[in-house]
Amino acid sequence: MKHNKTGLIGIIITVIVLIIVVIISNLKTNQLQNMQTVVSKLFMPLQNGYVFIKNKITGDEQQLSDIEILKNENSALREENSKLKEQVRELEILKSENNTLKEYVNLKDKYSDYTTVPANVIERSYSNYDKILIINVGTNDGIKENMPVISESGLVGKILSVTDSSSKVQTIIDTASTVSATISTASESILLKGTLADTNTLKATSIPVETSILQGDEVVTSGFGGIFPKGILIGTINSVVNTKNELDRYAVVNPATDFSKLETVLVITQK
Amino acid sequence: MKKFRAIAIIILLFLIIYFFQINFFSWFTIRGIMPNLFVLLALFLGLFTGKKIGGFFSLFFGIILDILIGRSIGFTGIFLGIIGLLGEYFDKNFSKDSRVTIILMTVGSTILFEVCMYIVNIIKFKIEIEILPFLITLSLEVIYNTFLVIILYPGIKKLGYYLENILKNKKLLTRYF
């Protein structure tokens with residue numbers, strides 16, 4: 001009887017621990033920041049007092065304040081410098097954009113010309129290692145393998161296999177997916193792959209050395225490969241990771257489509 | 001008739017697990033990582049129903065999963081089937097009455113299944129090898145599966161011995177020997 005009671009308490013404790021682990025692990029960084037702010041506020045007087053006593057003893061108060069002023073000036077200058085650099089790059093981008101703008105206008109028109117079939121997402125992959133969706137349209141609706149799937153915001157993926165009334169969609173964030181793309185400010189093509197490290201982002205590789213990439217640059221399909229039509233928005237550059245070897249540098253891309261909330265999609269049946 | 005009921009229970013169990021895995025555990029995650037209830041089911045079947053029934057149903061359920069939502073058909077079935085077969089080996093060599101043993105079996109089975117699946121994906125789909133992210137994901141999945149086994153252990157044991165009694169024609173004597 002006592003053993004049963006202990007076992008039950010153990011299970012209850014494990015359930016509580018599991019719930020706490022799930023909640024904490026899914027907290028957003030800014031929520032954790034609030035907690036950090038509260039803790040740092042609590043410890044701030046103690047820390048200030050400690051610094052004050054330390055300064056009194058060493059007599060370095062004036063020196064410290066000078067260093068502080070210099071630091072502020074330095075950071076302001078750096079900020080100004082980076083702004084100027086950015087302006088120069090923006091001008092270059094504008095130049096490049098000017099050349100491709102006409103092409104994009106044409107693509108927009110072209111995009112509305114596609115014949116599409118609307119569908120609902122009815123299931124998602126149960127595995128942590130792939131990102132497959134099931135949609136409620138199939139061969140009966142004219143769906144075939146390798147047809148592109150898009151959402152209101154951008155590219156979703158391609159049809160992997162089809163049954164009469166449903167289809168499997170391999171999303172672009174799947175680790176086995178590779179999409180040929182171009183950055184809106186450059187003409188060279190890059191490759192976008194799904195990654196296990198962060199299943200909500202894409203890894204842009206094979207970036208030509210001469211291509212300049214900036215945070216916020218749009219990434220669109222290149223049209224190479226024959227599956228995805230040219231000019232469909234994939235996402236925006238989040239960050240560029242430079243490596244020792246320039247050929248190995250890569251960029252992290254935020255997909256335009258929010259896959260966690262994706263419910264309705266369009267299958268492009270005729271390009 | 002009893003055997004028929006036991007098989008109906010196994011199928012029902014798969015449907016319940018499928019429902020929970022696809023719906024509940026798609027948002028009740030540890031840092032976005034879901035547990036893998038199907039590995040637990042395959043291990044459970046192998047342990048309590050033997051290699052024939054355990055192996056067969058694990059293979060069968062794996063193929064269904066592949067058809068429904070897998071990247072390719074067959075591999076989930078094969079590896080779940082292997083875990084089903086391993087279940088009987090575990091049963092013969094270790095005690096099912098120990099919670100720790102069951103936890104260790106769960107850890108081993110989850111690692112075996114996911115590593116095999118990852119290797120297949122690398123070879124078949126030429127996915128990029130990401131050792132560290134894979135190990136982090138696997139570790140969280142193993143922890144999650146362990147949590148679930150700790151919570152569900154009394155139920156697993158009760159239902160398991162019930163099925164074992166019917167399908168293996170065994171009496172509940174393990175405690176006394």
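In chain A, 12 residues of domain 1 are in contact with 16 residues of domain 2. Contact here means that the C-beta atoms of two residues, placed from the backbone, lie within 7 Å. A word on the source: this is a predicted model, where local features need pLDDT of at least 70, side-chain atom pairs count only at pLDDT 80 or more, and totals for chains, interfaces and linings use all residues. Residues are numbered from 1 along each chain as its sequence is written, and chains are lettered from A and ligands numbered from 1 in the order in which they are written.

Where are the two domains? Domain 1 of chain A takes in 115-174 + 262-270, and domain 2 covers 178-255. Those bounds come from an automatic or database domain assignment. Between the C-alpha centres of the two domains there are 22 Å.

Which elements of domain 1 give two or more residues to the side that touches domain 2? They are β3 (148-150) and β4 (155-162) of chain A. Strands here are DSSP runs of E, at least two residues long, and helices are runs of H or I, at least four; both are numbered from the N terminus. By class, that side of domain 1 has seven nonpolar, two polar and three charged residues. Nonpolar means Ala, Val, Leu, Ile, Met, Phe, Trp, Tyr, Cys and Pro; charged means Asp, Glu, Lys and Arg; the others, Gly among them, are polar.

Now strand β2 of chain A, residues 132-135. A:Ile132 and A:Ile134 are buried on one side, A:Leu133 and A:Ile135 on the other. Buried means 20 or more other C-beta atoms within 10 Å of the residue's own, with C-beta atoms placed from the backbone; exposed means 12 or fewer, and partly exposed is in between. In general, side chains in a regular strand alternate between the two faces of the sheet.

What pairs with β2(A)? Strand β1 (residues 115-124) of chain A does, antiparallel, over three bridges. Pairing takes at least two bridges found by DSSP. A:Arg124 has A:Leu133 as its bridge partner. Strand β5 (residues 167-171) of chain A also pairs with β2(A), antiparallel, over four bridges. There, A:Ile135 stands opposite A:Ser167.

Over to chain B. It has five helices and zero strands. Its radius of gyration, over C-alpha atoms, is 16 Å, close to the 16 Å from the globule rule (2.2 Å times the number of residues to the power 0.38) for 177 residues, so chain B is as compact as a globular protein of that length. Of those 177 residues, 38% count as buried.
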